[in-house]
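Dear colleague,

Please find the structure below, together with its sequence.

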Amino acid sequence: MALTLYVDTARWRAHHKHVQEQFPGLVPVCKGNGYGFGHERLSEEATRLGSDLLAVGTTYEAARIKDWFGGDLLVLTPYRRGEEPVPLPDRVVRSVSSIDGVYGLVGARVVIEVMSSMKRHGISEHELPQLHQAIENVRLEGFAIHLPLDRTDGSDAVEEVIGWMDRLRAARLPLHTMFVSHLKADELARLQQQFPQTRFRARIGTRLWLGDHDATEYRGAVLDVTRVAKGDRFGYRQQKAASDGFLVVVAGGTSHGVGLEAPKALHGVMPRAKGVARAGLATVNRNLSPFVWGGKQRWFAEPPHMQVSILFVPSDAPEPKVGDELVAHLRHTTTQFDRLVDR
């Protein structure tokens, strides 16, 4: 009995091809937990797409993925002097976001990140004159800019990239390749048309692997069902059942990421109100689970255990049976499945 990720493989791969067609020179991203699919599986899918370069999050990920992907690997986390050395082959390209970092990678293949409106990390405009000497002792693979997802000030993503292209050109730095993130297909086309001598390569993870929500589905198997009456005590904390119903033990607990939700940015009055309401319910141990039964998301009977969750299903709903599977609305990037089934 398991928490299973079901994949409509033909549909999933058709989406990959569609994204690849929209973004010529696409660089797939495989980082974290492999967007819920795992590093090995996404390495296979990147190979299937014919990708020559796969972006990973850290040097530790590169050390693992190098055995599954035969092309070049781009480490997205910038190099810092003093970091733990990890043995990596020459086909690994390091990101750098400081002048000092460039000097620390003599002989290495590097991509230099510039500071975008994200203000996370990157070379600043006033540092560009210092790059000429710094890049003499590295193999420059190109520059990169990581853009924000939302532009609440109404600014234009393309104009931000153009601004950096103009600064790099004015500094007489090589502009053969620019790696970009979070651009739309038409925005990428605009840039390519304006700078035909530069190859723009979009680094894409979420849109590529998770862009078709209907291609994948998590389901947790029912392990046990126990009928309870109002007032019956149950669970670790011996709480009382609020009404008649069923305690349903379903595969999927904290070790899978169930109940461990990443914070979300809330926009608008209604989402904020719902967030406040959920927080209020949580103070009285009422937490909505990600599991669906009888067309409704069901409440946790108590906080999820390590490998299972206990749900409360009221008596007016259909009684679940051992072996049934409950659809689970889980975030791929925080979920670890027991098994993946292609269908």
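Buried here means under 20% relative accessible area, exposed means over 50%, and partly exposed lies in between, with a 1.4 Å probe and protein chains only.

Leaving aside residues up to four places away in sequence, Leu-131 touches Ile-99, Val-102, Ile-112, Ile-123, Phe-143 and Leu-173, where contact means heavy atoms within 4.5 Å.

**Basis of the values**

Residues are numbered from 1 along each chain as its sequence is written. As the model is predicted, local features need pLDDT of at least 70, side-chain atom pairs count only at pLDDT 80 or more, and totals for chains, interfaces and linings use all residues, while side-chain values use heavy atoms, with hydrogens and water left out.

**Lys-230 and Ala-241**

Lys-230 is found in the loop between strand E10 (216-228) and strand E11 (233-234). Lys-230 counts as exposed because its relative accessibility is 64%. Ala-241 is eleven residues from Lys-230 in sequence, yet their C-alpha atoms are 5.1 Å apart in space. Not counting residues up to four places away in sequence, Lys-230 touches Ala-241, Ala-242, Ser-243 and Asp-244.

**Helix H2 and positive phi angles**

In helix H2 (residues 39-48), the buried residues are His-39, Arg-41, Leu-42, Ser-43, Glu-45 and Ala-46. Their cover includes helix H1 (9-22), strand E2 (27-28), strand E3 (53-56), helix H3 (59-65), helix H8 (206-210) and strand E18 (339-342). Gly-50, which follows H2, has a positive phi near 80°.

Most residues other than glycine have a negative phi. Tyr-35 is not a glycine, although its phi is positive, about 55°. Tyr-35 lies in the loop between E2 and H2, and it counts as buried because its relative accessibility is 6%. His-182, also not a glycine, has a positive phi of about 65°. His-182 lies in the loop between strand E8 (177-181) and helix H7 (185-194), and it is partly exposed, with a relative accessible area of 36%.

**The chain as a whole**

The chain has nine helices and 18 strands, and its C-alpha trace spans about 75 × 45 × 40 Å along the principal axes. Of its 343 residues, 47% are buried. Among contacts with a separation of 6 or more, 67% join residues 24 or more positions apart.

The average pLDDT (the predictor's confidence in each residue, from 0 to 100) is 93 for the chain, and 92% of the residues score at least 70. Over residues 272-285, however, pLDDT stays under 50, and the model has six contacts beyond four places in sequence for them. Where pLDDT is low, the predicted coordinates should not be read in detail.

Yours sincerely

Key
Helix = DSSP H or I, 4+ residues; strand = E, 2+ residues; numbered from the N terminus.
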